[in-house]
Amino acid sequence: MTKETKGTYYITTPIYYPSSNLHIGHTYCTVMADAMARFKRLSGYDVHFLTGTDEHGQKIQKKAEEEGVTPQEFVDKVVDGIKKLWATMEISYDDFIRTTEPRHIKRVQEIFKKMYEKGDIYKSVYEGLYCTPCESFWTESQLVDGKCPDCGRPVEKADEEAYFFRLSEYGDKLLDLYEQHPEFLQPDTRRNEMKAFINQGLEDLCISRTSFDWGIPVPIDEKHVIYVWLDALSNYITALGYPDEPELYNKYWPADVHLVGKEIVRFHSIIWPAMLMSIDEPLPKQVLGHGWLLIDGGKMSKSKGNVVDPVVLIERYGIDALKYFLLREYTFGQDGIFTNEVMLKRMNFDLANDLGNLVSRTISMIEKYCDGIIPPAETEDDIDKELKDLAVSIASKVEAQMDKFSFNLALEEIWTLVRRANKYVDEKEPWILAKEEETKDSLNTCMHNLAECIRIIAILIYPFMHTTTDKIWEQLGYTDEVCWEDAEVFDKLKGQKVNKGQVLFPRLDIEKELEELEALKGTPKEENIPLELKPEITFDDFAKIDLRVGTIMAAEKHPNADKLLVFQVKMGTETRQVISGVAEHFKPEEMIGKNVIVVANLKPRPLRGLESKGMLLFAENGERLEIVTTTAENGNGVN
């Protein structure tokens with residue numbers, strides 16, 4: 001049947017940074033966007049779904065140099081892998097934008113010129129702190145423990161000529177936006193974070209660099225390349241042809257939703273709307289910041305070596321099982337813990353036991369009791385009516401949850417029907433009804449109602465698991481187009497011949513699967529990957545440090561700071577007070593008696609009202625710190 005178009009719907013993912021292969025955390029965001037795009041298409045919208053890659057910047061240039069290839073060759077290889085992953089995941093994007101494409105480059109330069117001509121861009125000298133992995137500039141006050149507030153890595157001092165965007169001029173306008181349109185940035189926690197960030201005072205944004213050349217040339221000064229965020233954020237409109245080929249732009253802009261990870265909400269809800277205000281273009285309707293998938297106690301990260309390869313999971317369990325797990329297990333906007341055990345249990349309980357079992361037993365009974373033909377309903381009692389009323393009520397409930405991006409609750413609504421249909425089998429006991437001729441009509445009604453419930457379920461799950469819908473359609477012998485409105489109608493099946501196929505979701509031996517998944521990790525390949533270090537020092541710098549062995553005689557928490565521990569350290573004839581920000585890693589009582597290494601000639605400084613005279617040596621070990629200890633007696637120097 002022909003669907004009436006309800007309007008346009010434009011949804012985007014972030015454009016991913018191709019410094020390495022994507023992991024399941026990136027997959028999570030794209031699967032959400034794909035589910036929403038499929039849902040909106042199914043329910044009658046003209047959808048445009050954009051994803052892509054952000055391919056410029058110093059980090060890419062350094063990676064390419066390390067591999068002995070050009071930056072373009074480096075990104076081409078990684079992007080090819082990303083596209084193959086999205087093909088494997090059957091992601092239904094309408095456009096894939098690459099920031100190295102000519103269509104994007106020329107349009108970003110036009111946007112730069114518009115902002116410059118308005119007086120919002122000026123040239124000056126940047127003196128500050130720069131995080132290369134995040135491609136972000138920071139002030140001293142924005143650092144956390146002296147490191148990048150986003151990724152926790154060291155920052156470097158930068159001093160170079162640069163162009164700046166007058167971001168500071170837009171703080172009040174952004175606060176007005178949040179106040180008048182709270183729906184613009186969701187969840188509420190993200191919006192509150194951004195309001196607090198703006199209230200600290202926005203600084204003008206550095207938008208060009210001269211210290212590397214892998215980027216889009218500044219159109220008015222080609223010794224500069226455009227800073228990555230102005231380049232990257234523009235993709236949402238350059239992909240639509242803005243400003244020179246505006247047909248798609250006029251049709252789909254403003255975007256309905258920018259779906260992004262919480263770590264880049266600031267760029268999308270502060271810098272991006274300020275840029276659009278500068279060029280006098282409409283703002284997107286909504287920015288949604290989703291949470292992270294956490295593993296081993298932290299965010300998935302290639303540098304931490306704790307990523308999960310989605311291809312491995314797809315090969316073992318299928319695309320739809322992985323998609324279902326990602327969308328069902330986690331609450332939008334909140335962080336979620338990923339473990340193989342949680343994934344496998346969800347697949348077993350929901351997919352194998354509930355949905356797979358319902359389809360399998362229903363098709364088998366229709367074959368056994370009705371010669372494989374879906375019979376008409378001949379009778380109706382209270383139980384039949386309750387089931388039918390529930391079945392046709394689910395679609396509107398799913399739609400309400402999808403409009404809130406509550407994928408997990410939308411799936412829970414669907415599973416209310418899945419579980420009710422399984423209970424209906426137990427209540428009706430068709431194996432008993434089949435024994436007597438006088439209960440034949442009741443048996444036919446039972447088989448018909450079960451088949452109808454499965455048909456409706458197949459429509460409802462289509463945005464999340466379209467391949468499973470196709471398999472259920474085939475088993476029901478049903479050939480109609482998948483239509484959302486048909487989920488609100490009972491009695492669409494009339495005499496179809498069922499075709500029992502393979503089990504949709506085989507039951508898993510969880511213990512065996514856990515062992516095999518662990519074995520698949522294998523032994524890590526020996527790779528000489530350079531460590532991410534602070535700026536180099538010379539031997540002369542190091543020779544200035546006076547290291548001494550000391551013994552911790554006493555330790556206690558700082559009375560005015562939760563993160564600080566106060567140590568009394570004896571070095572030979574002298575006992576000193578040394579304060580360290582390690583309270584989250586060590587208990588005071590476990591530190592007493594340890595022989596430690598002390599930087600003895602560090603200039604004393606006050607820390608929350610107490611003076612610290614020296615520094616203890618600690619080393620990073622993954623997510624925690626280890627204190628450097630020795631068997632030497634206190635008071636000795638260290639060579």
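Visitor: Where is isoleucine 537 in this model?
Guide: Isoleucine 537 is in the loop between α19 (510-521) and α20 (539-543). Bear in mind that this is a predicted model.

Visitor: Is isoleucine 537 buried or exposed?
Guide: Isoleucine 537 counts as exposed, because its relative accessibility is 56%. The cut-off for exposed is over 50%.

Visitor: Which residues form a nonpolar patch with Ile537?
Guide: Phe539, Phe542 and Ile545. Together with Ile537 they have about 440 Å² of accessible area on the surface.

Visitor: Let's zoom out. How many helices and strands does the protein have?
Guide: 21 helices and 25 strands.

Visitor: And what box do the C-alpha atoms fill?
Guide: Roughly 100 × 65 × 50 Å, taken along the principal axes.

Visitor: What share of the residues is buried?
Guide: Buried residues make up 52% of the 639 in the protein. Isoleucine 111 is buried, since its relative accessible area is 1%. Isoleucine 111 lies in helix α4 (residues 102-117).

Visitor: What separates the C-alpha atoms of isoleucine 111 and lysine 613?
Guide: A distance of 53 Å. Along the chain, isoleucine 111 and lysine 613 are 502 residues apart.

Visitor: On to the backbone. What is the peptide bond from tyrosine 242 to proline 243?
Guide: That bond is cis, with omega near 0°. Proline 243 lies in the loop between α8 (235-238) and α9 (247-252).

Visitor: And what about the bond from tryptophan 253 to proline 254?
Guide: The bond into proline 254 is cis, with omega near 5°. Proline 254 sits in the loop between α9 and β12 (257-261).

Visitor: What is the phi of aspartate 145?
Guide: Positive, about 55°, although aspartate 145 is not a glycine. Aspartate 145 is in the loop between β5 (136-138) and β6 (156-165). The residue is exposed, because its relative accessible area is 67%.

Visitor: And the phi of aspartate 491, what is that?
Guide: About 70°, a positive value in a residue that is not a glycine. Aspartate 491 is in the loop between α18 (466-476) and α19. Its relative accessibility is 32%, so aspartate 491 counts as partly exposed.

Visitor: New topic, salt bridges. How many are there?
Guide: The count comes to 40 salt bridges.

Visitor: Which side chain meets aspartate 94 in a salt bridge?
Guide: Arginine 41, at 3.2 Å, N to O. The pair links distant parts of the chain, 53 residues apart. Aspartate 94 is in the loop between α3 (71-88) and β3 (95-98), and arginine 41 is in helix α1 (residues 24-42).

Visitor: How accessible are those two?
Guide: Aspartate 94 is partly exposed, with a relative accessible area of 40%. Arginine 41 also counts as partly exposed, at 26%.

Visitor: Which side chain meets lysine 123?
Guide: Glutamate 161, in a salt bridge of 3.8 Å, N to O. Lysine 123 lies in strand β4 (residues 121-131) and glutamate 161 in strand β6, so the pair ties together parts 38 residues apart in sequence.

Visitor: What about arginine 361?
Guide: Arginine 361 meets aspartate 426 in a salt bridge, 3.4 Å from N to O. Arginine 361 lies in helix α13 and aspartate 426 in helix α15 (residues 407-428), so the pair ties together parts that are 65 residues apart in sequence. Arginine 361 is partly exposed at 22% relative accessible area, and aspartate 426 counts as partly exposed at 46%.

Visitor: Which residues are linked in a network of salt bridges?
Guide: Lys106, Arg107, Asp244 and Glu245 are linked that way.

Visitor: Last topic, cavities. How many are of 30 Å³ or more?
Guide: The count comes to 2. The largest cavity has a volume of about 40 Å³.

Visitor: Which residues line the largest cavity?
Guide: Gly356, Val359, Ser360, Gln475, Lys500, Gly501, Gln502, Val503 and Leu504. By class, the lining has 3 nonpolar, 5 polar and 1 charged residues.

Visitor: Which helix gives the most to that lining?
Guide: Helix α13 (residues 340-370), with 3 residues.

Methods
Residues numbered from 1 in each chain as written. Predicted model: local features only at pLDDT ≥ 70, side-chain atom pairs only at ≥ 80, totals over all residues. Heavy atoms only, no water. Patch = residues over 30% accessible without salt bridge, like charges linked within 9 Å, V, L, I, M, F, W, Y side chains within 5 Å. Areas by Shrake-Rupley, 256 points an atom, 1.4 Å probe, with all protein chains shown as cover. Salt bridge = Lys/Arg side-chain N within 4 Å of Asp/Glu carboxyl O. Helix = DSSP H or I, 4+ residues; strand = E, 2+ residues; numbered from the N terminus. Buried < 20%, exposed > 50% of the residue type's maximum accessible area, 1.4 Å probe, protein only. 1 Å grid on protein atoms, 1.4 Å probe; cavity = no way out; pocket = protein on both sides within 12 Å on 5 of 7 lines; lining within 4 Å. Points joined across faces, edges and corners; volume = space filled by probe spheres on them. Nonpolar A, V, L, I, M, F, W, Y, C, P; charged D, E, K, R; others polar.
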